[in-house]
Amino acid sequence: MKLKFTKMHGLGNDFVVIDCISQNISLSGAQFRFLADRHFGIGCDQILLVENPTRSDADFRYRIFNADGGEVEQCGNGARCFVRFVHDKGLTGKSEIRVETASGIIEPRLEADGQVTVNMGAPRFEPMEIPFLAEKRALTYPLPVGDKIIDISAVSMGNPHAVQVVDHIDYAPVAEQGTLIENHPAFPARVNAGFMQVVDRTHIKLRVFERGSGETLACGTGACAAAVAGITRGLLDAQVQVSTRGGELAIRWEGEGQPVWMTGPAVTVFEGEINL
Ligand SMILES: N[C@@H](CCC[C@H](N)C(=O)O)C(=O)O
(Lines give C-alpha, C1' and ligand atoms only; values in the text may rest on other atoms or scores of the structure.)
Protein backbone atom coordinates (compact mmCIF):
# COMPACT_ATOMS: atom_id res chain seq x y z
CA MET A 1 0.00 0.00 0.00
CA LYS A 2 1.22 3.51 -0.86
CA LEU A 3 0.58 6.18 1.77
CA LYS A 4 0.66 9.93 1.05
CA PHE A 5 1.93 12.06 3.94
CA THR A 6 3.07 15.58 4.80
CA LYS A 7 6.05 16.27 7.05
CA MET A 8 5.42 19.25 9.37
CA HIS A 9 6.77 20.73 12.56
CA GLY A 10 5.93 23.15 15.34
CA LEU A 11 9.19 24.50 16.84
CA GLY A 12 11.04 21.34 15.77
CA ASN A 13 8.50 18.99 17.38
CA ASP A 14 8.00 17.08 14.14
CA PHE A 15 5.06 15.23 12.67
CA VAL A 16 4.00 12.92 9.87
CA VAL A 17 0.50 14.17 8.99
CA ILE A 18 -1.84 11.80 7.15
CA ASP A 19 -5.07 12.78 5.40
CA CYS A 20 -7.44 9.94 6.29
CA ILE A 21 -10.35 11.70 4.58
CA SER A 22 -9.06 11.12 1.05
CA GLN A 23 -7.13 7.93 1.95
CA ASN A 24 -8.88 4.92 3.44
CA ILE A 25 -6.29 3.55 5.86
CA SER A 26 -5.99 1.66 9.12
CA LEU A 27 -2.46 1.44 10.53
CA SER A 28 -1.09 -0.98 13.13
CA GLY A 29 1.17 -0.02 16.07
CA ALA A 30 4.13 -1.49 14.16
CA GLN A 31 3.32 0.70 11.12
CA PHE A 32 3.15 3.85 13.28
CA ARG A 33 6.54 2.93 14.79
CA PHE A 34 7.95 2.40 11.28
CA LEU A 35 6.71 5.81 10.06
CA ALA A 36 8.28 7.48 13.14
CA ASP A 37 11.60 5.64 12.84
CA ARG A 38 14.36 8.14 11.97
CA HIS A 39 16.57 5.48 10.36
CA PHE A 40 14.24 3.01 8.66
CA GLY A 41 11.08 5.16 8.17
CA ILE A 42 10.29 8.87 7.72
CA GLY A 43 11.11 10.03 11.24
CA CYS A 44 8.94 12.08 13.59
CA ASP A 45 7.93 12.57 17.21
CA GLN A 46 4.23 12.01 16.51
CA ILE A 47 1.95 10.86 13.70
CA LEU A 48 -1.20 12.96 13.25
CA LEU A 49 -4.33 11.64 11.56
CA VAL A 50 -6.84 13.99 9.94
CA GLU A 51 -10.28 12.37 9.96
CA ASN A 52 -13.93 13.29 9.51
CA PRO A 53 -15.55 14.16 12.86
CA THR A 54 -17.79 11.72 14.72
CA ARG A 55 -19.80 14.58 16.31
CA SER A 56 -21.86 17.27 14.64
CA ASP A 57 -20.29 20.24 16.50
CA ALA A 58 -16.77 19.61 15.12
CA ASP A 59 -15.18 20.21 11.70
CA PHE A 60 -12.57 17.43 11.95
CA ARG A 61 -11.34 14.62 14.17
CA TYR A 62 -7.67 14.76 15.19
CA ARG A 63 -5.90 11.56 16.32
CA ILE A 64 -2.37 11.46 17.72
CA PHE A 65 0.13 8.59 17.91
CA ASN A 66 3.46 8.83 19.70
CA ALA A 67 6.67 7.49 18.13
CA ASP A 68 6.23 4.33 20.25
CA GLY A 69 2.97 3.62 18.41
CA GLY A 70 0.62 4.45 21.31
CA GLU A 71 -2.44 6.63 20.75
CA VAL A 72 -2.69 9.67 23.06
CA GLU A 73 -5.23 12.35 23.89
CA GLN A 74 -3.65 15.67 22.95
CA CYS A 75 -0.77 17.39 21.14
CA GLY A 76 -0.45 21.17 21.14
CA ASN A 77 2.23 21.74 18.50
CA GLY A 78 0.35 19.22 16.36
CA ALA A 79 -2.88 21.20 16.78
CA ARG A 80 -1.25 24.22 15.14
CA CYS A 81 0.02 22.05 12.26
CA PHE A 82 -3.44 20.47 11.97
CA VAL A 83 -5.21 23.74 11.08
CA ARG A 84 -2.41 24.74 8.67
CA PHE A 85 -2.71 21.30 6.99
CA VAL A 86 -6.51 21.26 6.51
CA HIS A 87 -6.43 24.87 5.31
CA ASP A 88 -3.53 24.42 2.86
CA LYS A 89 -5.00 21.15 1.51
CA GLY A 90 -8.34 22.86 0.83
CA LEU A 91 -10.17 20.55 3.25
CA THR A 92 -11.77 23.68 4.75
CA GLY A 93 -12.12 27.33 3.80
CA LYS A 94 -12.29 28.37 7.45
CA SER A 95 -9.32 29.88 9.25
CA GLU A 96 -10.74 28.89 12.64
CA ILE A 97 -11.95 25.32 13.16
CA ARG A 98 -13.39 23.10 15.87
CA VAL A 99 -11.44 19.90 16.25
CA GLU A 100 -12.53 16.75 18.05
CA THR A 101 -9.78 15.04 20.06
CA ALA A 102 -9.77 12.14 22.52
CA SER A 103 -9.88 14.74 25.31
CA GLY A 104 -12.55 17.09 23.93
CA ILE A 105 -12.84 19.97 21.48
CA ILE A 106 -9.96 22.34 20.74
CA GLU A 107 -10.16 25.43 18.54
CA PRO A 108 -7.12 26.35 16.42
CA ARG A 109 -7.12 29.62 14.46
CA LEU A 110 -4.77 30.77 11.69
CA GLU A 111 -3.61 34.34 12.36
CA ALA A 112 -2.97 36.92 9.63
CA ASP A 113 0.78 36.89 10.43
CA GLY A 114 1.08 33.12 9.82
CA GLN A 115 1.12 32.19 13.50
CA VAL A 116 -1.55 29.87 14.92
CA THR A 117 -3.51 30.42 18.13
CA VAL A 118 -5.21 27.47 19.82
CA ASN A 119 -7.83 27.41 22.54
CA MET A 120 -6.49 24.32 24.30
CA GLY A 121 -9.36 24.05 26.80
CA ALA A 122 -9.13 24.32 30.59
CA PRO A 123 -6.40 22.50 32.52
CA ARG A 124 -7.48 19.84 35.00
CA PHE A 125 -5.95 19.29 38.41
CA GLU A 126 -7.99 16.55 40.10
CA PRO A 127 -5.62 13.56 40.52
CA MET A 128 -8.20 11.12 39.08
CA GLU A 129 -8.56 13.21 35.92
CA ILE A 130 -4.82 13.31 35.20
CA PRO A 131 -4.57 10.30 36.11
CA PHE A 132 -2.27 10.56 39.16
CA LEU A 133 -2.34 8.51 42.35
CA ALA A 134 -2.74 10.98 45.21
CA GLU A 135 -5.25 11.15 48.03
CA LYS A 136 -6.30 14.70 47.29
CA ARG A 137 -5.49 17.62 45.03
CA ALA A 138 -2.46 19.72 46.04
CA LEU A 139 -0.43 22.55 44.56
CA THR A 140 2.67 20.35 44.46
CA TYR A 141 3.40 16.73 45.31
CA PRO A 142 6.62 15.11 46.56
CA LEU A 143 7.59 12.39 44.06
CA PRO A 144 10.38 9.89 44.80
CA VAL A 145 12.59 9.63 41.69
CA GLY A 146 15.75 7.52 41.94
CA ASP A 147 17.50 8.58 45.14
CA LYS A 148 15.77 12.02 45.21
CA ILE A 149 12.41 13.41 46.15
CA ILE A 150 11.31 16.06 43.67
CA ASP A 151 8.40 18.50 43.90
CA ILE A 152 6.04 18.30 40.94
CA SER A 153 2.88 20.00 39.79
CA ALA A 154 0.49 17.48 38.22
CA VAL A 155 -1.64 18.95 35.42
CA SER A 156 -3.77 17.53 32.64
CA MET A 157 -3.98 19.44 29.38
CA GLY A 158 -6.01 16.53 28.05
CA ASN A 159 -2.79 14.57 28.44
CA PRO A 160 -0.82 14.14 31.70
CA HIS A 161 2.09 16.37 32.74
CA ALA A 162 4.44 16.40 35.75
CA VAL A 163 6.24 19.76 35.93
CA GLN A 164 9.21 20.54 38.17
CA VAL A 165 11.12 23.80 38.64
CA VAL A 166 14.88 23.64 37.95
CA ASP A 167 17.61 26.19 38.65
CA HIS A 168 19.15 26.18 35.16
CA ILE A 169 17.63 24.63 32.06
CA ASP A 170 21.00 23.52 30.62
CA TYR A 171 21.70 21.40 33.70
CA ALA A 172 18.15 20.04 34.12
CA PRO A 173 18.26 16.27 34.85
CA VAL A 174 16.21 15.40 31.75
CA ALA A 175 18.32 12.39 30.74
CA GLU A 176 18.61 11.05 34.31
CA GLN A 177 14.99 11.51 35.36
CA GLY A 178 12.99 11.55 32.09
CA THR A 179 12.29 7.81 31.79
CA LEU A 180 11.87 7.38 35.56
CA ILE A 181 9.20 10.08 35.74
CA GLU A 182 7.53 8.98 32.48
CA ASN A 183 7.05 5.48 33.88
CA HIS A 184 6.50 6.40 37.53
CA PRO A 185 3.93 4.09 39.21
CA ALA A 186 2.07 7.16 40.52
CA PHE A 187 1.05 7.91 36.90
CA PRO A 188 -0.91 4.86 35.73
CA ALA A 189 -1.15 6.15 32.13
CA ARG A 190 2.52 7.32 32.21
CA VAL A 191 3.31 11.03 32.01
CA ASN A 192 5.13 13.81 30.15
CA ALA A 193 7.95 15.18 32.32
CA GLY A 194 8.53 18.95 32.20
CA PHE A 195 11.62 20.81 33.50
CA MET A 196 11.02 24.56 33.84
CA GLN A 197 13.43 27.37 34.66
CA VAL A 198 11.63 30.54 35.76
CA VAL A 199 13.50 33.48 34.21
CA ASP A 200 11.06 36.12 35.49
CA ARG A 201 7.28 36.45 36.01
CA THR A 202 6.63 36.53 32.26
CA HIS A 203 9.26 34.15 30.91
CA ILE A 204 10.25 30.50 31.41
CA LYS A 205 12.68 28.13 29.73
CA LEU A 206 11.36 24.61 29.26
CA ARG A 207 12.48 21.12 28.29
CA VAL A 208 10.05 18.21 28.11
CA PHE A 209 10.74 14.48 28.14
CA GLU A 210 7.63 13.31 26.31
CA ARG A 211 5.75 10.14 27.07
CA GLY A 212 6.23 7.75 24.16
CA SER A 213 8.70 9.94 22.25
CA GLY A 214 11.58 10.98 24.56
CA GLU A 215 12.90 14.53 24.80
CA THR A 216 11.57 16.68 21.95
CA LEU A 217 12.64 20.15 20.81
CA ALA A 218 9.32 21.54 22.06
CA CYS A 219 6.05 20.33 23.54
CA GLY A 220 2.93 22.48 23.17
CA THR A 221 0.84 20.87 25.90
CA GLY A 222 4.02 20.78 28.03
CA ALA A 223 4.35 24.56 27.58
CA CYS A 224 0.68 25.05 28.57
CA ALA A 225 1.11 22.75 31.62
CA ALA A 226 4.33 24.49 32.73
CA ALA A 227 2.80 27.98 32.43
CA VAL A 228 -0.28 26.80 34.36
CA ALA A 229 1.92 25.18 37.02
CA GLY A 230 3.96 28.37 37.40
CA ILE A 231 0.83 30.56 37.58
CA THR A 232 -0.88 28.34 40.19
CA ARG A 233 2.34 28.37 42.26
CA GLY A 234 2.34 32.19 42.17
CA LEU A 235 5.59 32.34 40.19
CA LEU A 236 4.22 33.65 36.89
CA ASP A 237 1.77 36.21 35.50
CA ALA A 238 -1.09 35.29 33.13
CA GLN A 239 0.92 35.92 29.94
CA VAL A 240 4.04 33.76 29.65
CA GLN A 241 6.76 33.47 27.03
CA VAL A 242 8.00 29.87 26.86
CA SER A 243 11.48 29.36 25.39
CA THR A 244 11.98 25.81 24.16
CA ARG A 245 14.99 24.34 22.39
CA GLY A 246 13.04 24.73 19.12
CA GLY A 247 11.83 28.31 19.65
CA GLU A 248 9.24 30.51 21.34
CA LEU A 249 5.62 29.96 22.34
CA ALA A 250 3.21 32.45 23.89
CA ILE A 251 0.86 31.03 26.54
CA ARG A 252 -2.00 32.86 28.24
CA TRP A 253 -4.12 31.57 31.14
CA GLU A 254 -6.49 33.66 33.26
CA GLY A 255 -6.95 31.09 36.02
CA GLU A 256 -9.01 28.12 37.20
CA GLY A 257 -11.82 27.08 34.84
CA GLN A 258 -10.47 29.27 32.00
CA PRO A 259 -9.01 27.89 28.76
CA VAL A 260 -5.30 28.02 28.00
CA TRP A 261 -4.39 29.97 24.86
CA MET A 262 -1.27 28.98 22.94
CA THR A 263 0.26 30.91 20.01
CA GLY A 264 3.16 29.74 17.87
CA PRO A 265 4.25 28.67 14.39
CA ALA A 266 3.26 25.69 12.22
CA VAL A 267 5.52 24.75 9.32
CA THR A 268 5.18 22.39 6.34
CA VAL A 269 8.51 20.81 5.39
CA PHE A 270 7.76 18.42 2.51
CA GLU A 271 5.23 16.03 0.98
CA GLY A 272 5.92 12.39 0.27
CA GLU A 273 4.66 8.91 -0.42
CA ILE A 274 5.81 5.77 1.37
CA ASN A 275 5.24 2.05 0.79
CA LEU A 276 3.70 0.21 3.73
N1 LIG B 1 4.33 17.02 21.36
C2 LIG B 1 3.09 17.18 21.95
C3 LIG B 1 2.54 16.16 22.88
C4 LIG B 1 2.40 14.78 22.23
C5 LIG B 1 1.78 13.74 23.11
C6 LIG B 1 2.58 13.42 24.35
N7 LIG B 1 3.85 12.83 24.05
C8 LIG B 1 1.78 12.47 25.25
O9 LIG B 1 2.06 11.26 25.27
O10 LIG B 1 0.86 12.93 25.94
C11 LIG B 1 2.64 18.60 22.18
O12 LIG B 1 3.11 19.47 21.44
O13 LIG B 1 1.77 18.84 23.00
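Which element gives the most to the shell around the ligand? In this predicted model, local features need pLDDT of at least 70 and side-chain atom pairs count only at pLDDT 80 or more, while totals for chains, interfaces and linings use all residues. Residues are numbered from 1 along each chain as its sequence is written.

Helix α2 gives the most to the shell, with three residues. At least two residues each come from β4 (60-66), α2 (76-88) and α4 (220-232); helices (H or I, at least four residues) and strands (E, at least two) are DSSP runs, numbered from the N terminus. Around the ligand there are 20 residues, of which N77, N159, R211, G220 and T221 come nearest; a residue is near a molecule if its C-beta atom, placed from the backbone, lies within 6 Å of it. The shell comprises four nonpolar, 13 polar and three charged residues (Ala, Val, Leu, Ile, Met, Phe, Trp, Tyr, Cys and Pro count as nonpolar, Asp, Glu, Lys and Arg as charged, and the others, Gly among them, as polar). The ligand lies between domain 1 (2-120 + 265-275) and domain 2 (127-258), because both give residues to its shell; the domain bounds come from an automatic or database domain assignment.

Strand β2 (residues 13-19) runs antiparallel to β1 (residues 2-10), with five bridges joining them, and parallel to β3 (residues 46-51), again through five bridges. Strands pair if DSSP finds at least two bridges between them. K7 has V16 of β2 as its bridge partner, and I18 stands opposite L49 in β3. Two residues separate β1 from β2 in a hairpin, where L11 in the turn has a positive phi of about 60°.
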